[in-house]
Amino acid sequence: VVLAFDFRGHGDSQSRAGRAGGRLAADVVAAVGVARARGAQKVFVLGASMGGTAALAAAATIKPPLAGVISASGPAIYQWIDARKVVPRLTVPVLYVVGEHDGGGGFAADAQELFDATASADKRLEVLPVSNHGVSLVTRNLTARGLVESFIARGTTRG
């Protein structure tokens, strides 16, 4: 089961004003619920840019735990979501992938900070020598795409 969705206020979804528009982690939790209702046994969450921050925040709360979470260019803080506060509670496998030159290096610095604070023993940080950001990092960079695919493949073979 693969489920792609638009966050509230983005793409084709409804707009919300104020803090309700920033409840992006809740959107991830709801999407995981839909995937599980459709029969998914092992669920991975991949978020790019703001979606990476939301994915990390959601992953710390989802029960049963995810099979893994991937943040592609996720900033440490996006709107009202501070991933630095939740990653110390993450125990699921985590992959951080980011471009070294993305945002003048700011996204790579955030990924390093989040990686360092992540509690999971199964965590990996890959800083690639590119400036691609978010979705384009994974869709236009074969190395990034390969990292994501191998992370998911490895997770599907774990108990």
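Visitor: What makes Tyr96 and Phe115 count as buried or exposed?
Guide: Both Tyr96 and Phe115 are buried, a label given under 20% relative accessible area, with exposed meaning over 50% and partly exposed lying in between (1.4 Å probe, protein chains only). This is a predicted model, in which local features need pLDDT of at least 70 and side-chain atom pairs count only at pLDDT 80 or more, while totals for chains, interfaces and linings use all residues. Residues are numbered from 1 along each chain as its sequence is written, and side-chain values use heavy atoms, with hydrogens and water left out.

Visitor: How many aromatic pairs does a search of the whole structure find?
Guide: The search finds 2 aromatic pairs, where rings of Phe, Tyr and Trp (its six-membered ring) pair if their centres lie within 6.5 Å, and planes under 30 degrees apart count as stacked, over 60 as edge-to-face and the rest as tilted.

Visitor: Why is the pair of Phe44 and Phe151 called edge-to-face?
Guide: The ring centres of Phe44 and Phe151 are 6.2 Å apart and the planes stand at 75°, so the pair is edge-to-face. Phe44 belongs to strand β1 (residues 44–48) and Phe151 to helix α6 (residues 142–157), so that the pair links distant parts of the chain, 107 residues apart; helices (H or I, at least four residues) and strands (E, at least two) are DSSP runs, numbered from the N terminus. Phe44 and Phe151 are buried.

Visitor: And why does the pair of Tyr96 and Phe115 receive its label?
Guide: With centres 6.4 Å apart and planes at 85°, the rings of Tyr96 and Phe115 are edge-to-face because of these values. Since Tyr96 lies in strand β5 and Phe115 in helix α4, the pair ties together parts that are 19 residues apart in sequence.

Visitor: What lies over the face of Phe115?
Guide: Lys123 does, at 4.6 Å from the ring centre; a charge sits over a ring if NZ of Lys or CZ of Arg is within 6 Å of the ring centre and within 35 degrees of the ring normal.

Visitor: How do you know that β5 and β6 pair, and in which sense?
Guide: Strand β5 (residues 94–99) and strand β6 (residues 123–128) pair in the parallel sense over 6 bridges, whereas pairing requires that DSSP finds at least two bridges between two strands. Lys123 in β6 is the bridge partner of Val94.

Visitor: Which hand does the unit of β5, helix α4 and β6 have?
Guide: β5, helix α4 (residues 106–117) and β6 make a right-handed β-α-β unit, a term used if, with the strands pointing away from the viewer, the path from the first strand over the helix to the second runs clockwise. The crossover from β1 through helix α2 (residues 50–59) to β2 is also a β-α-β crossover and is right-handed; β1 and strand β2 (residues 68–72) pair in the parallel sense over 5 bridges, with Ser71 in β2 as the bridge partner of Gly47.

Visitor: What makes α2 mostly covered?
Guide: In α2, 10 of its 10 residues are buried, among them Met50, Thr53 and Leu56.

Visitor: Why is Ala109 called partly exposed?
Guide: Ala109, placed in helix α4, has 46% relative accessibility and therefore counts as partly exposed. The C-alpha atoms of Ala109 and Val98 are separated by 9.4 Å.
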